[in-house]
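This report describes a single protein chain from its overall form down to individual residues. The sequence and the structure are shown first.

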Amino acid sequence: MDDYDAGFTAGHEMAERDMRNKAYELCREVAEAYESMIPEGESKEALRENEILQCQINAVNFTRGWIASGGQTDADGKRACYPW
């Protein structure tokens, strides 16, 4: 029974690591896509669109940092996300 538990735990940890890596890579691709969409020019609409895209890029980069760090935990030890 111990071998089964150890194998299950090792498999779970490997799957979790792989999913975390895939999510991190996906966030990188999303940030690059947002960066490629930033409009050029000084018009009011271009500046507003740039601001919105920059907020989206910041949110994706925050998520990447959260994934890379393994996430934060609350007082009960549960994973939590504190964006402030």
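The sections below treat the basis of the model, the fold, the surface and selected residues.

## Basis of the model

The model is predicted: local features need pLDDT of at least 70 and side-chain atom pairs count only at pLDDT 80 or more, whereas totals for chains, interfaces and linings use all residues. Residues are numbered from 1 along each chain as its sequence is written, and side-chain values use heavy atoms, with hydrogens and water left out.

## Fold and dimensions

The chain contains 2 helices and 2 strands, in the order α-α-β-β from the N terminus. These elements are DSSP runs numbered from the N terminus, with helices (H or I) of at least four residues and strands (E) of at least two.

The radius of gyration of the chain is 19 Å, whereas a compact globule of 84 residues would have a value near 12 Å. This radius is taken over C-alpha atoms, and the globule rule is 2.2 Å times the number of residues to the power 0.38. Along the principal axes, the C-alpha atoms fill a box of roughly 65 × 30 × 15 Å.

## Contacts, surface and charge

Of contacts (heavy atoms within 4.5 Å) between residues at least 6 apart in sequence, 31% join residues at least 24 apart. Buried residues make up 13% of the 84 in the chain; buried means under 20% relative accessible area, exposed over 50%, and partly exposed in between, with a 1.4 Å probe and protein chains only.

The accessible surface comes to about 6700 Å², and carbon and sulfur atoms account for 55% of this area. The areas come from the Shrake-Rupley method with a 1.4 Å probe; for residues, only the protein chains shown count as cover.

The chain carries 9 positive and 17 negative charges, and their mean positions are 2 Å apart. Lys and Arg count as positive and Asp and Glu as negative, without His and the chain ends; each charge is placed at NZ of Lys, CZ of Arg, CG of Asp or CD of Glu.

## Residues of helix H1

There is 1 aromatic pair in the count. Tyr4 and Phe8 form this stacked pair, at 6.5 Å centre to centre and 20° between the planes. Rings of Phe, Tyr and Trp (its six-membered ring) pair if their centres lie within 6.5 Å; planes under 30 degrees apart count as stacked, over 60 as edge-to-face and the rest as tilted.

Both residues lie in helix H1 (residues 2–36), 4 residues apart, about one turn of the helix. Tyr4 is exposed at 56% relative accessibility, as is Phe8 at 53%. Arg20 also belongs to helix H1 and is partly exposed, at 29%. The C-alpha atoms of Arg20 and Tyr4 are 24 Å apart, with a sequence separation of 16 residues.

## Ile57 in helix H2

Ile57 lies in helix H2 (residues 44–69) and is buried, with a relative accessible area of 3%. Leaving aside residues up to four places away in sequence, Ile57 touches Ala31, Tyr34, Glu35 and Ile38. Met14 is 43 residues from Ile57 along the chain, and their C-alpha atoms are separated by 29 Å.
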